[in-house]
Amino acid sequence: MRIRTLALALALAVVPASAAFAQETGIVAVVHGIPGEDDFPVDVYVNGDLTLEGFTFGSVTDPLELPAADYDIEIFPGGADPEADEPALSDTVTLPAGANASIVAHLTESGDPDLTVFVNDTSPIDAGNGRVVLRHTAAAPAVDVLSGDTPLAEGLTNPSEAQLDVPAGDYPVSIVPAGGGDPVFSVDAVPVAEGEALIVYAIGTVEGPFTVAVQTISGLHGSPSGVPTGDGGAAGAFPLWLGLLMAVAAVGVAGSVASARRR
């Protein structure tokens with residue numbers, strides 16, 4: 001197992017609610033971004049205990065406050081016998097005190113299953129501004145994202161992210177193959193809300209299903225009084241990033257999901 005130094009929220013079922021306030025804690029959310037038949041439900045074991053059953057592709061958990069601690073994580077296809085079967089993914093993760101993090105079970109660019117942890121920037125957003133975060137966690141090629149002639153993200157690859165704070169409002173956005181070329185998709189107006197971080201995950205594979213999951217973190221106006229937790233999201237909730245997926249498909253680079261489905 002690899003040792004990671006961030007968070008996994010799937011431990012909630014083994015942590016009594018009162019314990020979260022008895023010691024230092026962190027905030028975490030989880031995204032299921034591995035496609036498969038029937039939304040590929042998975043069972044998640046934390047420290048050997050069944051914690052989350054039937055967690056489906058495209059789902060995003062609500063943000064959770066958990067004790068800062070180490071957690072042994074094993075993810076099995078739904079209904080698998082943990083005593084007889086090998087997990088599709090396993091890892092040991094550490095949740096530091098005060099962290100706000102998201103973890104994504106997803107495909108690599110080549111189509112292999114993986115876990116990636118992202119730190120969520122909950123620093124205050126200047127009055128009148130919003131924050132946009134795009135995370136590439138799909139089996140798909142690199143792209144550039146532009147607003148007019150201004151690059152928003154260049155050469156965005158799996159599993160990287162791009163982030164920027166911009167004045168709240170609507171923005172024209174176009175998507176081109178990495179390195180330049182004619183736009184493969186464009187939209188005239190993308191809404192950015194004041195005081196909110198909008199986090200969009202490209203998940204799946206260009207062979208299908210290929211979709212998005214959305215997470216928001218609100219309450220970032222000025223100096224927050226506590227650790228912002230944000231909201232869980234649902235797949236397919238933001239038209240711009242649906243356009244990104246169509247754009248990537250238009251580039252014509254296909255990823256493989258055979259290894260994930262075999263697991």
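How many bridges join strand β8 to β9? Seven bridges do so, and the two strands run antiparallel.

## Basis

This is a predicted model, in which local features need pLDDT of at least 70 and side-chain atom pairs count only at pLDDT 80 or more, while totals for chains, interfaces and linings use all residues. Residues are numbered from 1 along each chain as its sequence is written, and side-chain values use heavy atoms, with hydrogens and water left out.

## The open sheet

Four strands form an open sheet of mixed pairing, in the order β5-β2-β8-β9. Strands are DSSP runs (E, at least two residues) numbered from the N terminus, and two of them pair if DSSP finds at least two bridges between them. β5 (64–67) and β9 (113–119) each have a single partner strand, so one side of each is left without a neighbour in the sheet.

Strand β8 covers residues 100–107. Ser102 has Phe118 in β9 as its bridge partner.

## Salt bridges

Three salt bridges are counted (a side-chain nitrogen of Lys or Arg within 4 Å of a carboxyl oxygen of Asp or Glu). Asp121, Arg131 and Asp165 are linked in a network. Arg131 pairs with Asp121 at 3.6 Å between the closest N and O atoms, and with Asp165 at 2.6 Å, N to O. Arg131 is buried at 2% relative accessibility (buried is under 20%, exposed over 50%, partly exposed in between, with a 1.4 Å probe and protein chains only). Asp121 is partly exposed at 29%, and Asp165 is partly exposed at 35%.

Arg135 forms a salt bridge with Glu161, the closest N and O atoms being 2.7 Å apart. Arg135 lies in strand β10 and Glu161 in strand β13, so this pair ties together parts 26 residues apart in sequence.
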